[in-house]
Amino acid sequence: MSGNLETIQSVLTSSTCSNETELCQFCGEPRIYPSVSLGELNISAPYPHPCTCDEGLAFAEREKAEREEQYKAEYDEQVRKARESRIEGIIKRSGMGARSLSQSFENFDTGMPYAKKLYNGAKAFVDGIEYFMPKNGMPLPKRNGILVIGPMGTGKTHIASAIANELISQEINVICMTERSMLSRIRQTFSERDKSEKEILDKFVNVKLLIIDDLGKEKATEWSLATMYAIIDGRYESVLPTIVTTNYKPEELVQRLTPTAGDKTTAECIMDRLNEMCHAVLIDGESWRTK
């Protein structure tokens, strides 16, 4: 095999020249198109040898630089389109609507007294996202999620969406949905006969970052409670970061997650998991929507 490679290299370095020529535009001497013969295969170069006159050599260097610039531009465009395609796929899987996709750190109102602290905490989470992801051979991250508790209209959804959008722009897979939308999507996919319940739930358990907005808003049922526990517990076991926003304080959230006249044990387990997984942020402020 090595002999064949040496033969090919020898042929390439001692290439013959075809009869096709082109006159130098500066001195009028012929510029010859080199060709390589590999057995019965003849390969002609797309460009002739540069002329050896000073003007010809300078022109050849400019041509080479222009070709390299063109190739780089074409490559960069391919990379850009591929990245855009990947991000479009992440957005499609994220469950985010037009409003959520428009919410960013740039248009987050930091004018309220507590808003700057919320903003800074969210930015720190995004900046340190790699530290919050479990890695083989490294100590497991502790409290790598956020639980945001506060009244309606205080920017909880906006800041959660801003985190999601920033990480999506970094090509990190994120699901960002309200509890109601998430449970609705899970119910809908149960009709897909080729998918098991575990396969459906695994999408929410294994995504890099899961954001559950408005936890506790959905009317609790035994099924919704069991489903939410399976997702939260699965992420707890995998040590994957989770962000939750809710209008309810811990004891109220337990009540909201528990079906009427039901046993609170499972809801209390969810709350216990969230307390261990997440840094709690309590917002005491009036609604921005009344301003």
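1. At 35% relative accessibility, R83 counts as partly exposed, a class that lies between buried (under 20% relative accessible area) and exposed (over 50%), with a 1.4 Å probe and protein chains only. The model is a predicted one, in which local features need pLDDT of at least 70 and side-chain atom pairs count only at pLDDT 80 or more, while totals for chains, interfaces and linings use all residues. Residues are numbered from 1 along each chain as its sequence is written, and side-chain values use heavy atoms, with hydrogens and water left out.

2. R83 forms a salt bridge with E171, their closest N and O atoms being 3.3 Å apart; the term denotes a side-chain nitrogen of Lys or Arg within 4 Å of a carboxyl oxygen of Asp or Glu. This pair links distant parts of the chain, 88 residues apart: R83 belongs to helix α2 (residues 54-94), and E171 to the loop between α5 (156-168) and β5 (174-178).

3. E171 also meets R86 in a salt bridge, at 2.5 Å from N to O. Because E171 lies in the loop between α5 and β5 and R86 in helix α2, the pair ties together parts that are 85 residues apart in sequence. Both side chains are partly exposed, E171 at 30% relative accessibility and R86 at 42%.

4. A further salt bridge joins K135 and E130, with the closest N and O atoms 3.8 Å apart. K135 is partly exposed at 37% relative accessibility, as is E130 at 47%. The search of the whole structure finds 14 salt bridges.

5. As to the overall fold, the chain has 10 helices and 8 strands, these being DSSP runs numbered from the N terminus (helices H or I, at least four residues; strands E, at least two). The radius of gyration, 30 Å, is well over the 19 Å that the globule rule gives for 291 residues, so the chain is more spread out than a compact globule. That radius is taken over C-alpha atoms, and the rule is 2.2 Å times the number of residues to the power 0.38. The C-alpha trace spans about 95 × 50 × 40 Å along its principal axes.

6. Buried residues make up 39% of the 291 residues. Of the contacts (heavy atoms within 4.5 Å) with a separation of 6 or more, 72% are between residues 24 or more positions apart.
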